[in-house]
Amino acid sequence: MARSENEIQVKQEIIEPSRKPNPNPNDSLPPDCFINLSSSDSDSDFDSDSDALSDNDIDGIVNKRPRESSGDVSGNNKKKKRAKDLSFVLPVGFLDPLPGKERASKDSEAALELPAPPERNAGVVSGCKQFWKAGDFNDAPSGDWQSATGGMDHVRVHPKFLHSNATSHKWVLGAFAELLDNSLDEVCNGATYVNIDMVKSKKDGSKMLLIEDNGGGMDPDKIRQCMSLGYSVKSKMVDTIGQYGNGFKTSTMRLGADVIVFSRCFGGGGKRPTQSIGLLSYTFLRSTGKEDIVVPMLDYERRGQEWHKIIRSSAGDWNINVETIVQWSPFSSEADLLRQFNQMKDQGTRIIVYNLWEDDQGLLELDFDTDPHDIQIRGVNRDEKNIQMAQLYPNSRRFLTYRHSLRSYVSILYLRIPPCFRIILRGKDIEHHNIVNDMMMSQEITYRPQPGTDGVPKDASMIATVTIGFVKDAKAHIDVQGFNVYHKNRLIKVCFCFLIVLTIYEMSNSHHTLIKGGVFN
């Protein structure tokens, strides 16, 4: 009688309230006599939402056995015996909770609260000063979407786009080229120079970049087009480099977080002379939580000998623009802003880039100290071995230093420069250099497109002129080789480090120069 009671107790422990149907009707072993450890069904013995197993769960696991892969079981006596054999006494403390697995109490959960977001202060510049990390911010929306007149919505451009758009310039010196292109395009409007320099802010003494020329300048409409994304009238003009209306934004935002533009236009054609100020400030947009790219502008026109304000909407809006520009620019007043035009004569443009980006060590990405007549960059682009070799092999100097030196890079940036045009870097003219002069045994080859498989002839004006040769320092085993690709007089591809085999067809004003390094006896 005692044995019968024991058998009934064991049988109750191995029976579960809900049974899963036997997936194999030919298998005589009941499905509730084994555990499928890989199963995630609802009848599993593990609770995925629990950190620890209950006592009943442990008992059920211990008293169940793995399913046998072969063999036959029949009769109630064998089942009872097998279940009885698996029963044993657990060690003391086996069922105690594991350390560190206890669920946090409601009181402790309530104490784990995120800190409140910091309050926005328009006068405090926040965020990272490193370019490649400056796009990582998530400000809360500052307003609701509003419909434009007529019930049509504007396509909004978030300030983050300014940063992501500028990442097209992985190499920071390439950003200078975009601004130099704009100045060179102004030769047709009377530009005779472009000046690049470092100036210091009177507000905080920080270093800023200055790019200025004496070209035709921009009237109020053109400066707004310049600040807009994707607007360009140069695409319809011959012999201009700019095409897509994107270079100014990508280049300035790659050099620094903020840029302010001063431009004076002579007028003509019945129009009065004008001068305009525009601020494109990533710092301002980010710190104030703007969801659109807002560009404060000020416009003036000359009547007689006096300059007068151009009020486009209201006097209140004008004052807001003045206050915003003064607060977020390196200048302390409207009079201080207007003094920047004293550097110009009848026309010209003056661009100041400030809040320059820093590297991982907290130093400015641009190096103004190593050479007082150059702007260089720090980091991986600077190779001390190449700098030493450049002093020994002058014919290869530009190839060895262009990666970190703006002076070396700009000297080969254009195939030709108009004789009346000067490029001045920190008070000293950049001497234009044609890399063909560094080659010996040079040869010029002209490539023309051939008819395709359909037999249709290609445009005969589509040609590419290639100059190939050996660098004069090849006898010293200088490893200089690759293609320099020029399009519309401008260097667009520099490959001095390795040889690239290209078959390229461009317009008739394209030119390709191959400099091949090797041993020459």
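Leaving aside its neighbours within four places in sequence, which residues is F421 in contact with?

View 1. The structure shown is a predicted model, in which local features need pLDDT of at least 70 and side-chain atom pairs count only at pLDDT 80 or more, while totals for chains, interfaces and linings use all residues. Residues are numbered from 1 along each chain as its sequence is written, and side-chain values use heavy atoms, with hydrogens and water left out. F421 sits in the loop between helix 14 (406-411) and strand 10, where helices (H or I, at least four residues) and strands (E, at least two) are DSSP runs numbered from the N terminus. Beyond its neighbours within four places, F421 is in contact with S183, L184, V187, A191, T192, Y193 and V194, contact meaning heavy atoms within 4.5 Å. One of these, A191, is 230 residues from F421 in sequence, yet the two are 7.3 Å apart in space, C-alpha to C-alpha. F421 has a relative accessible area of 7% and is therefore buried (buried means under 20% relative accessible area, exposed over 50%, and partly exposed in between, with a 1.4 Å probe and protein chains only).

View 2. The strands follow the order 6-5-4-3-7-2-1-10-11, with mixed pairing; two strands pair if DSSP finds at least two bridges between them. At the edges are strand 6 (306-309) and strand 11 (428-429), each of which pairs on one side only. Strand 2 (residues 207-213) and strand 7 (residues 348-356) are antiparallel and share five bridges, and L209 has V353 as its bridge partner in strand 7. Strand 5 and strand 6 also run antiparallel, joined by four bridges, with R303 standing opposite E306 in strand 6. Their hairpin has two residues between the strands, and G304 there takes a positive phi near 75°.

View 3. Helix 6 (residues 173-185) lies across strand 1 (193-200), strand 2, strand 7 and strand 10 (422-425), and runs at about 135° to strand 1. Axes are lines fitted to C-alpha atoms, for helices over the stretch in contact, and angles run from 0 to 180 degrees between N-to-C directions. Helix 10 (residues 315-328) lies across strand 3 (256-265), strand 4 (274-281), strand 5 (297-303), strand 6 and strand 7, at about 115° to strand 5.

**View 4. Helix 8 and S251.** In helix 8 (residues 247-255), nine of the nine residues are buried. Among them is S251, which counts as buried because its relative accessibility is 0%. Not counting residues up to four places away in sequence, S251 touches H169, A175, E178 and L179.

**View 5. Aromatic pairs.** The structure holds six aromatic pairs, defined by rings of Phe, Tyr and Trp (its six-membered ring) whose centres lie within 6.5 Å, with planes under 30 degrees apart counted as stacked, over 60 as edge-to-face and the rest as tilted. The rings of W171 and Y402 are edge-to-face, because their planes stand at 85°, with the centres 6.0 Å apart. Both W171 and Y402 are buried. F262 and F341 are also an edge-to-face pair, 5.7 Å centre to centre with 85° between the planes. Because F262 lies in strand 3 and F341 in the loop between helix 11 (334-338) and strand 7, this pair ties together parts that are 79 residues apart in sequence.
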